[in-house]
Amino acid sequence: MVMTTPIRIKYRPTFLSVLTILLSLLGAGTLRAEPLDCRRCHSDLEKARVTHSPFAAGECSSCHQLALDKRHPEQKEAIVLVSDGSKLCSQCHEALDTAKNVHGPVASGDCIFCHTPHSSPNDKLLKDTGIAQCLNCHENKFQQKYMHGPVVEGKCFICHDPHQSDNPYILKMGLPALCLSCHDASAMSGKSIHAPVRKGNCLACHDSHGSPYRKHLRKDFQENFYLPFSPDNFALCFDCHASEMILDRRTDSLTDFRDGDRNLHYLHVNKIDKGRSCKACHDAHAAEQAKLIKRKVPGFGKWEIPIEFQKTSTGGTCIVGCHKPKSYDRIKTNEF
Ligand code: HEC
Ligand code: HEC
Ligand code: HEC
Ligand code: HEC
Ligand code: HEC
Ligand code: HEC
Ligand code: HEC
Ligand code: HEC
Ligand code: HEC
Ligand code: HEC
């Protein structure tokens, strides 16, 4: 913050007196030789819990000035602000429009839309608190069935800078660093990492504020481990992957999870009653084994079913708690 107040106090009397003499010589209107004591008549101005330093110090003239040829309060236009918009504030504060992305009202110098210049009951001289200050201008898209924790608490500024940022959407940090400042980064690493996660594109699957779907996913991905198959239950995955990989009983191209042309995705997932969810085998983020195959999945009660997946160049072997070890091979068929 650049503080210029002391300098202004130091030089103003000299400047004013020189100006007064000059103007009286020219006869250009009335400028009071003695400055108006603003607080004599404006003692009623509210002094809330948080006061702005120059206001509290009675330095009214750092922001207001008396027009040279006018009388106050007789003439309404007698008192004018020393500058417009953000220039008024940047006399003493660093400019807030220097980053790559500047928030709309900051760019247009509307500082006093959010801040009061004198005093406020709220910290940082804010007129409103929480989400209310944003909803003055932004549509309320923040009422979804599943809301993100910090949004529910109205902590918009945990993620967004109110003024400016070099990151898109005036975010305080880039992605995924922002998300991983609160969420466990270790869940995003392993032998295999899902391509969009590796790129830090959490928003490919999650909405940052909230969503009609659980885990604020952009599309549905059902909770249950077993469920009757329908592509809609895994709409999220089929946004990027072809649903035919589960729909066709036989294929020699749609998936590598096949024995000869027998589609093992179809076999496990596509059932009328107890089809398995993708998460019976895959982690959506990352896993210790190849192809996002989890090490363990929930079993019965506290028992977790271990999965050991060994990949070969033409197939693989699964050693699992649910059936005896099985191998598949795309070239020469196996036991399936
Ligand atoms: C403190 C609560 C709050 C948050 C959080 C907030 N806004 Fe904005 N906001 C805007 C305008 C105008 C834009 C630019 C819209 C555009 O470019 O489409 C914007 C854009 C944004 C963007 C997108 C920036 C980008 O780079 O695309 C975000 C994020 C944002 N505001 C968050 C007017 C406001 C106003 C009106 C005085 C208020 C209050 C306001 N905004 C309060 C808030
Ligand atoms: C002699 C008493 C008096 C003094 C001294 C005085 N004011 Fe006022 N001021 C008033 C009154 C009365 C009004 C209300 C005028 C109205 O509502 O039409 C007013 C109105 C204002 C307004 C609002 C103008 C508007 O457009 O609504 C501002 C700003 C203001 N004063 C600032 C100041 C500042 C800054 C000083 C010191 C340089 C100051 N006043 C000194 C009596 C005074
Ligand atoms: C940091 C700059 C700043 C300082 C310092 C400041 N003001 Fe203001 N004042 C403003 C601005 C900006 C407005 C216009 C507010 C608006 O339009 O909402 C304003 C408005 C006013 C008004 C109009 C009524 C109101 O409350 O909106 C009065 C009266 C006033 N100021 C008096 C004073 C007095 C007296 C002092 C010194 C004790 C003072 N101001 C110090 C910036 C300042
Ligand atoms: C004459 C100098 C001056 C001007 C002009 C000025 N400020 Fe300040 N402002 C200060 C000082 C001094 C502080 C206290 C700094 C500190 O405590 O670190 C401050 C603090 C603040 C704070 C933080 C308050 C808090 O409680 O932490 C905000 C917000 C603020 N100013 C906004 C504004 C806005 C908006 C404007 C323009 C309307 C403005 N200032 C114009 C001198 C000024
Ligand atoms: C959209 C609302 C909004 C606008 C517009 C806005 N601010 Fe702020 N400002 C905030 C919020 C919210 C905070 C508090 C941020 C926090 O606590 O992390 C803040 C904090 C500040 C602070 C205190 C910084 C600190 O670190 O203590 C200053 C000074 C400030 N703003 C000045 C300005 C100036 C000058 C402008 C105009 C160029 C402006 N603000 C425009 C919302 C806004
Ligand atoms: C957990 C971090 C986080 C929180 C908390 C958060 N946002 Fe965002 N916001 C984002 C991210 C990331 C984006 C950019 C991409 C997207 O989701 O569309 C964004 C985008 C935006 C946009 C621009 C795009 C749009 O949807 O219009 C606005 C406006 C916005 N946020 C406002 C808010 C408001 C208001 C709040 C508080 C209620 C808030 N944000 C809280 C992370 C967050
Ligand atoms: C400021 C901390 C914070 C940041 C930053 C943050 N989150 Fe969260 N997140 C939470 C909290 C607290 C919860 C728990 C409350 C809830 O379920 O919404 C949560 C919950 C979640 C959940 C749902 C978890 C569940 O069990 O239902 C997902 C998914 C999520 N966050 C994703 C993200 C993504 C993606 C980002 C980055 C855009 C992000 N979070 C940034 C704090 C944060
Ligand atoms: C390809 C889609 C996808 C991407 C990309 C993605 N996620 Fe997720 N995420 C999911 C799915 C699906 C779930 C729910 C899994 C389930 O049903 O248990 C989830 C759950 C979560 C949860 C809740 C964890 C829990 O224990 O319930 C958090 C937190 C989370 N994701 C954060 C992130 C973060 C941070 C990123 C970016 C680094 C990210 N996600 C990227 C699909 C994705
Ligand atoms: C935003 C797009 C996107 C979404 C949504 C998505 N994926 Fe992916 N997925 C990819 C991309 C890109 C690859 C890499 C494709 C390649 O290498 O050919 C991939 C690869 C995979 C792989 C192979 C991993 C490896 O290590 O080779 C699996 C398994 C997978 N996805 C499962 C899922 C599941 C389950 C879901 C739903 C929870 C899902 N995907 C949702 C984009 C997505
Ligand atoms: C019974 C375990 C199991 C289930 C359930 C399962 N997969 Fe897979 N999936 C695998 C195996 C094993 C591979 C690795 C095949 C290979 O490369 O040999 C794989 C590979 C993939 C791939 C990489 C491309 C391919 O087909 O070879 C994608 C994408 C994928 N699965 C998506 C899904 C989706 C989406 C679901 C849920 C609709 C799902 N999987 C359900 C075991 C499973």
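Which protein donors does the iron atom of ligand 6 have? They are His160 (NE2) and His209 (NE2), lying 2.0 Å from the iron. Keep in mind that this is a predicted model, where local features need pLDDT of at least 70, side-chain atom pairs count only at pLDDT 80 or more, and totals for chains, interfaces and linings use all residues. Residues are numbered from 1 along each chain as its sequence is written, chains are lettered from A and ligands numbered from 1 in the order in which they are written, and side-chain values use heavy atoms, with hydrogens and water left out.

**The iron of ligand 6**

- A donor here is an N, O or S atom within 2.8 Å of the metal (3.2 Å for Na, K and Ca), and since water is not among the atoms, sites may look incomplete.
- The iron atom of ligand 6 has 6 donor atoms with angles of 88 to 179° among them, and its site is octahedral.

**The iron of ligand 4**

- His52 (NE2) and His93 (NE2) coordinate the iron atom of ligand 4, at 1.9 to 2.0 Å.
- This site is octahedral too, with angles of 88 to 178° among its 6 donor atoms.
- His52 sits in the loop between β1 (50-51) and α3 (53-56) and His93 in the loop between α4 (85-90) and β4 (101-102), so the pair ties together parts that are 41 residues apart in sequence.
- His52 is partly exposed, with a relative accessible area of 23%, and His93 is partly exposed, with 30%.

- Ligand 1 is surrounded by 13 residues, and the closest are His103, Cys134, Cys137, His138 and Phe157.
- A residue makes it into such a shell if one of its heavy atoms lies within 4 Å of the molecule.
- Which helices each give at least two residues to the shell of ligand 1? They are α5 (104-107), α7 (132-135) and α9.
- His103 has a side-chain N or O atom 2.8 Å from a nitrogen atom of ligand 1, and His138 has a polar side-chain atom 2.8 Å from a nitrogen atom of ligand 1.
- A polar contact like these is a pair of N or O atoms within 3.5 Å; within protein, one must be able to donate a hydrogen and the other to accept it, and residues adjacent in sequence count only if both atoms are side-chain atoms.
- Around ligand 2 you will find residues including Cys38, Cys41, His42, His72 and Lys76.
- Lys76 puts a polar side-chain atom 3.2 Å from an oxygen atom of ligand 2.

**Aromatic rings**

- A pair of aromatic rings is described by the distance of the centres and the angle of the planes.
- Rings of Phe, Tyr and Trp (its six-membered ring) pair if their centres lie within 6.5 Å; planes under 30 degrees apart are stacked, over 60 edge-to-face, and the rest tilted.
- The count by this rule is 4 aromatic pairs.
- Phe225 and Tyr226 make an edge-to-face pair, 5.2 Å centre to centre with 80° between the planes.
- Phe229 and Phe234 are stacked, at 6.2 Å centre to centre and 20° between the planes.
- Phe229 is buried at 15% relative accessible area, and Phe234 is buried at 1%.
- Ring pairs also join Phe221, Phe229 and Phe234 into a cluster.
- Lys274 lies over the face of Tyr226, 4.3 Å from the ring centre; the rule asks for NZ of Lys or CZ of Arg within 6 Å of the ring centre and within 35 degrees of the ring normal.

Conventions:
Tetrahedral: all angles 85-135°; square planar, octahedral: opposite > 155°, others 65-115°. Buried < 20%, exposed > 50% of the residue type's maximum accessible area, 1.4 Å probe, protein only. Helix = DSSP H or I, 4+ residues; strand = E, 2+ residues; numbered from the N terminus.
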